[in-house]
Amino acid sequence: WTGNLVTNASWEHFWLNEGWTVFLERKIVGRLQGEATLQFQAAQGAASLADEVARLGPGHNFTRLVPDLSSGEDPDDAFSRVPYEKGFYFLYHLQELVGGPAAFEPFMAAYLQAFAFSTVDSSQFRQFFEQHFSSTPAVASIDWDTWLHSPGMPPVTNSYDTSLASAAYDLAVKWHTADVMGIGADPPAGVGPADIEGWSSAQVVAFLEKLGQLRSLTPLAPSMARAMDKAYSLDAAKNCEIRGAWYKLAVDAGDESVYLGVVDMLSSQGRMKYLRPLYRCESRHKHRVPCTQPCAQLFFLEKK
């Protein structure tokens, strides 16, 4: 629907593909698994957006919803989580502003029908939105220029229900506080498979990513990464989201035992979503696992 049926007119307006796609994906998940799951994924997406803006820099052109590519920037270089998550964030804000899903979902259908089998840019989207909600006073409060063209985080803060994230965050804090200095203390008492029994893959990823955030200044000790695998069999995970989050955490920790798994993922996955973070991670921590950067470079040259 939002990519093939209705397509962004140029790469500057990529968010109209990917922001809409994430928004619709989460709508579907909400229908199938409940509103709490939609809210959980939205909150995780907001955290991912904050991490991406911090990585790029809050004033960077590529953190704009509509980046300026007029100087010949390669659209591949602009690729990040920003069009996906900032696009979702904007659409969710618009939905709440006009009265929630009951008001917004008919607009979604009308938008897809109006632009079916054609291309659309952000100005056309704005015009169609304002026409559709012309009798809704709150629409006048939208700062379109800031949302679309200003870098950094969104100008408005969305509120999400994070109840499903609580257990994941609590477990991350438990592992973090067991070895705050990163020197290789004993793992938390009593940890094991029961900690994550019944969790969705998204909750496991939330646990790993939250722990990664907590360890951003002082990575885990390699022995602690091994203890995590012993508790949760993370090396054996087949889910790509879990593998990607786990390998980033383990490479940050200097855990050489995951390296063959990282190479396998780099050779079996083609999505930049997974590849770029792993390559960056290996380069960033070459001082902890000295073989990773030259091996990653050679592997990249072989596979590109």
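**View 1. A salt bridge joins Glu105 and Arg31.** In this predicted model, the side chains of Glu105 and Arg31 come together in a salt bridge, with 2.8 Å from N to O. Glu105 belongs to helix 5 (residues 101-114) and Arg31 to helix 1, so this pair ties together parts of the chain that lie 74 residues apart in sequence.

**View 2. Glu85 meets Arg26 in a salt bridge.** Here the side chains of Glu85 and Arg26 form a salt bridge, again with an N to O distance of 2.8 Å. The pair links distant parts of the chain, since Glu85 sits in helix 4 (residues 82-98) and Arg26 in helix 1 (residues 15-33), 59 residues apart. Buried or exposed, where do Glu85 and Arg26 lie? Both of them are buried. For Glu85, the relative accessibility is 3%, and because buried means under 20%, the label applies. Glu85 also takes part in a salt bridge with Arg81, at 3.3 Å from N to O.

View 3. How many salt bridges does a search of the whole structure find? The search finds 10. Look here for Arg226, Asp229, Asp235 and Asp255, which are linked in a network of salt bridges.

**View 4. His93 is a buried residue of helix 4.** Our next stop is His93, which is found in helix 4. His93 has a relative accessible area of 12% and is buried. Which residues is His93 in contact with, once its neighbours within four places in sequence are left aside? They are Trp147, Val156 and Asn158.

View 5. Phe117 has a positive phi near 60° and is found in the loop between helix 5 and strand 2 (118-120). With 74% relative accessibility, Phe117 counts as exposed. Ser233 has a positive phi as well, about 50°, although it is not a glycine. Ser233 is found in the loop between helix 10 (222-232) and helix 11 (240-252), and with a relative accessible area of 46% it is partly exposed.

**View 6. Helix 11 is mostly covered.** Of its 13 residues, 10 are buried, among them Trp246, Tyr247, Leu249 and Val251. The buried residues also include Arg243 and Asp252. What happens at the start of helix 11? There, a side-chain oxygen of Asn239 reaches to within 2.9 Å of the backbone nitrogen of Glu241. Helix 11 is followed by Gly254, with a positive phi near 75°.

Technical notes. Residues numbered from 1 in each chain as written. Predicted model: local features only at pLDDT ≥ 70, side-chain atom pairs only at ≥ 80, totals over all residues. Heavy atoms only, no water. Salt bridge = Lys/Arg side-chain N within 4 Å of Asp/Glu carboxyl O. Helix = DSSP H or I, 4+ residues; strand = E, 2+ residues; numbered from the N terminus. Buried < 20%, exposed > 50% of the residue type's maximum accessible area, 1.4 Å probe, protein only. Contact = heavy atoms within 4.5 Å. Polar contact = N/O pair within 3.5 Å; in protein donor to acceptor, adjacent residues only side chain to side chain.
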